[in-house]
Amino acid sequence: MVMLAGAALILVQAVMPGVSVPETSAAVDPCLSLEGEALRPGKDKGSELTSGDLATMADIGRSDPNESASPFGVSPDGKQIAFLVRRANPQANAFCQKLMVASLVREGAPPREIDRGGAFIRATFALRNFPVVGAGYAQVITPRWSPNGQRIAFLKRVSEQTQVWTVNVAGNAPARQATALPDDVEDFRWSTDGKALIAQTRPSLRETNARIGAEARTGFVFDDRFSPQFADRPLPTGPMVMSYTAVDDAGLVRPATDAEISAFGNQRATPGDEIPVGARGFTKRGDGGAAWIESKAPGRLIAPTRLVLRLPGGATRLCDTALCDGARHLWWAANTGDLYVLQKTGWGQSQTGLLRWNVSWPRPKRVFVTEDALIGCTMSGPELVCARESAARPRRLVAIDPATGRERLIHDPNRDWSRFTLGAVQRLRFRNTFGVESFADLVLPPDHGRGQKHPLVVVQYGSDGFLRGGTGDEVPVQVLAAKGFAVLSFARPDFPAWVMEAKDESELRARNRTDWLDRRSVQSSLEMAIAQAITTGAVDADRMGISGFSDGTSTTQWALINSKLFKVASLGACCEDMVSYPLAAGPYFERLGREMGYRFFEAAAPDFWKPMSLVLNADRIEAPILIQTGDSEYEAGLDVFAALRKQGKAVEMIVLDNEPHFKWQPAHRLAIYERSVDWFRFWLMHEMDCSPDKRDQYERWKAMPGAPAPAALRCG
């Protein structure tokens, strides 16, 4: 989610930590039907990818390739790795989750399942004045090995509680619940002797909710604690202090010591070793050498960085050339003492690179660069262990030789993926009119023939790693390609240079909204991406549609108002506009929005909103619009929906129960996939899925203004 520029950036659900999908009956195992499906004769090689295939794809960690904690843990001896494999079951509306252990030294050895079950645990994050907001994507569950390597601890949610569980690596006994604290455990560590687990919880959140509950007896003051889209009561605000508790094998509980708490820090220095001010990713060698990342412009919120290498004697070397741009993670190799650097690099930082820096070298050397995404990497002995995914291949676990870049497969949770015939992917690169490097991926149908032109669907707003369903995972790229569409997976550009010079977040937001600068920059990149796609000769320029979610909603709004490129649109959230948008978010955001440059409920508001508002431009909108939105945020688009309906426009809103911004329920994911594909086929191909259970859907659509004539429609 783009927290600075998104249309629906305010539209997420505030929840208690660890909130999850309602658990299924203890007698129902969501893994069983998926395993039964796997045992039946599989699809032949060359099969067409379906929405159901994509919706049940296995994941390790978050389903998107964005920065997150590592989703796996390496054993103390470096010989084994533990990770959680998660697979959605739309029919059960639940998740099959298995804790697996794989060998790092026995190539080809299949991983072992040592536990299964538990409810899906949603990640949480802070937003505006709310310290705990529930995301729709998964919390990354990092298994942690006991110091002696005999047990693995992990987070598991059972009976509406997230606690630490442990299991013997030998697999000779079932997993057991190791903590029973009154609050959900958000993170944990082993004690150094392995006799206790140190759990991180947030009792202040429970206590604040209790005070709000008591306040209900006399009524709530409507103030900054309210965000109507989240709840009809105040939400916890202010700092929520973490608590750290040690729980031993007997269940005895005590406060954690300062030394135990320090193990949760991301950057640790030994006594007497001060971390330089502003250093990120600080890492130290045993001989006193160290390395870190630092800003080239410390006074700016977003700035280019450089690498700093400190030699054992105290001398430093800098790498501030383009070679070292975009450094993200640093490791020292245990066998050679070399520094390895993982970076985002290339055109528009669309690639992943690995650098190697021997302390005797004046600057690093590049080991490899790839358009693949590498996720959760960690150094294990002489290898870099990562989850890796490419544009057309989902995530798998690999070990990479950091000296050569050669990889070997540890585990592929989607090992039968090769049976699908997928569309070819072509990377497009361009620089927009504001000088910002941009890129997109064009996916053509698997059976594309020379000279064929296909209707185009734009999917946004990131295009890293596996091209699944765009940001929000709602518009299935390769499923659309299998149905005969060309798909443009569009990556929104970085901010223009003037915006990037902002000193703080407030200034950055204000600059972005000065004359809608960011929206004009994104539109420029979008138009260039489409122009390049059309130049390939494979795109029918008269049949183009666009989808958008979060920041992509804003891009879609702007494109529908300020261009005539698109004949149809689909939104995963609605909308950034002048009335419902601030009202649904609450009084704190209304005030914050004005500080960001928005105009709400004042005389100048219509003039400000005219280039962006679907309400003010409803009479000019000709593209049919499908909105599939969670029940926590549909209120933010009610003014747009009403204005379009009043003008007699083709618009439909689907409200999904118990969903935040990023939807998480497997049944909804599959329904969104299928409805998105149906929508674009109906308007751009005049095709229908004539299954009886979709009759009502098509009756609604056929009655919309501008719908294809009945004689022009055919069953797909």
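Which cysteine does a disulfide join to Cys31? The legends below take up this pair and then other parts of the structure.

This is a predicted model, in which local features need pLDDT of at least 70 and side-chain atom pairs count only at pLDDT 80 or more, while totals for chains, interfaces and linings use all residues. Residues are numbered from 1 along each chain as its sequence is written, and side-chain values use heavy atoms, with hydrogens and water left out.

**View 1. The disulfide of Cys31 and Cys96.** Cys31 is joined to Cys96 with an S to S distance of 2.0 Å, a disulfide being a pair of cysteine sulfur atoms within 2.5 Å. The torsion of 100 degrees about the S-S bond makes this link right-handed. The pair links distant parts of the chain, 65 residues apart, with Cys31 in helix 1 (residues 30–39) and Cys96 in strand 4 (residues 94–103); helices (H or I, at least four residues) and strands (E, at least two) are DSSP runs, numbered from the N terminus. Both Cys31 and Cys96 are buried, where buried means under 20% relative accessible area, exposed over 50% and partly exposed in between (1.4 Å probe, protein chains only).

**View 2. Two further disulfides.** A search of the whole structure finds 5 disulfides, and with the bonded cysteines numbered in sequence order the pairing is 1-2, 3-4, 5-6, 7-8, 9-10. Cys319 and Cys324 are joined at an S to S distance of 1.9 Å, and the torsion about their S-S bond is about 90 degrees, so this disulfide is right-handed. The link of Cys574 and Cys575, with an S to S distance of 1.8 Å, is left-handed, at -95 degrees about the S-S bond. Cys574 is buried, with a relative accessible area of 2%, and Cys575 is likewise buried at 2%.

**View 3. The surroundings of Lys694.** Lys694 lies in the loop between strand 36 (687–688) and helix 15 (695–702), and counts as buried at 12% relative accessibility. Leaving aside residues up to four places away in sequence, Lys694 touches Glu674, Asp678 and Asp689, contact meaning heavy atoms within 4.5 Å.

**View 4. The largest nonpolar core.** Here a nonpolar core is a set of buried Ala, Val, Leu, Ile, Met, Phe, Trp, Tyr and Cys residues joined through side-chain atoms within 4.5 Å. Of the 40 residues in the largest core, Leu54, Trp417, Val457, Phe485, Phe682 and Trp683 touch the most other members. Helix 14 gives the most to this core, with 10 residues. Among the residues that Val457 touches, not counting those up to four places away in sequence, are Leu480, Phe485, Phe680 and Leu684.

**View 5. The largest cavity.** On a 1 Å grid over the protein atoms alone, a cavity is a set of points where a 1.4 Å probe fits but cannot get out, and lining residues have an atom within 4 Å of a point. Grid points are joined across faces, edges and corners, and a volume is the space filled by probe spheres set on the points. The largest cavity has a volume of about 230 Å³ and is lined by 22 residues, of which Asp59, Ser63, Phe95, Arg468 and Arg669 lie nearest its centre. Helix 2, strand 3 (80–89), strand 7 (130–138) and helix 14 each supply at least two residues of this lining.

Terms used. 1 Å grid on protein atoms, 1.4 Å probe; cavity = no way out; pocket = protein on both sides within 12 Å on 5 of 7 lines; lining within 4 Å.
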